[in-house]
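Have a look at the sequence and the model below, and then read on.

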Amino acid sequence: MMRGINKQNVFEEDNDRYFFLEVLKKVKEINCFDLYCYCLMNNHKSGKKS
């Protein structure tokens with residue numbers, strides 16, 4: 001999980017979220033790992049393997 005410092009927003013606008021998802025997609029393809037779920041929120045993001 002990653003969280004904004006002092007609960008500040010990690011994503012300022014929707015384009016920030018889209019960019020993060022594109023980077024995540026590329027990293028996943030390069031490193032060949034399973035991603036079971038994720039949640040993007042304003043001040044933190046977390047992933048959990050079920």
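The paragraphs that follow go from the overall layout to single residues.

First, a word on what you are looking at: this is a predicted model, in which local features need pLDDT of at least 70, side-chain atom pairs count only at pLDDT 80 or more, and totals for chains, interfaces and linings use all residues. Residues are numbered from 1 along each chain as its sequence is written, and side-chain values use heavy atoms, leaving out hydrogens and water.

Let's begin with the layout. The protein has 1 helix and 3 strands, where helices (H or I, at least four residues) and strands (E, at least two) are DSSP runs numbered from the N terminus. Reading from the N terminus, the order of these elements is β-α-β-β. Of the contacts in the protein with a separation of 6 or more, 53% link residues 24 or more positions apart; a contact here means heavy atoms within 4.5 Å.

Now for the surface. The protein exposes about 4500 Å², and carbon and sulfur atoms supply 52% of that area; accessible areas come from the Shrake-Rupley method with a 1.4 Å probe, and for residues only the protein chains shown count as cover. Of the 50 residues, 12% are buried. The words to know are buried (under 20% relative accessible area), exposed (over 50%) and partly exposed (in between), with a 1.4 Å probe and protein chains only.

Next, follow the helix. Helix α1 has 18 residues and reaches 26 Å from its first C-alpha to its last, close to the expected 26 Å; the expected span is 1.5 Å times one less than the number of residues. After α1 comes cysteine 32, with a positive phi near 50°.

Which two residues form a salt bridge? They are aspartate 14 and arginine 17, with their closest N and O atoms 3.1 Å apart. A salt bridge is a side-chain nitrogen of Lys or Arg within 4 Å of a carboxyl oxygen of Asp or Glu. Side chains of opposite charge can pair when their charged atoms come close. Both partners lie in helix α1, 3 residues apart, which is about one turn of the helix. Aspartate 14 is partly exposed because its relative accessible area is 45%, whereas arginine 17 counts as buried because its value is 18%. Beyond its neighbours within four places in sequence, arginine 17 is in contact with Phe11, Leu40 and Asn42.

Phe11 also brings us to the rings. A search of the whole structure finds 1 aromatic pair. Phenylalanine 11 and phenylalanine 20 make up this edge-to-face pair, 5.7 Å centre to centre with 65° between the planes. Rings of Phe, Tyr and Trp (its six-membered ring) pair if their centres lie within 6.5 Å; planes under 30 degrees apart count as stacked, over 60 as edge-to-face and the rest as tilted.

Phe19, Val23, Val27, Phe33, Leu35 and Tyr38 form a nonpolar patch on the surface, with about 550 Å² of accessible area together. Patches are made of residues with over 30% relative accessible area and no salt bridge: like charges are joined within 9 Å, nonpolar side chains (Val, Leu, Ile, Met, Phe, Trp, Tyr) within 5 Å. Helix α1 gives the most to this patch, with 3 residues. Phenylalanine 19 sits in α1 and counts as exposed because its relative accessibility is 60%.
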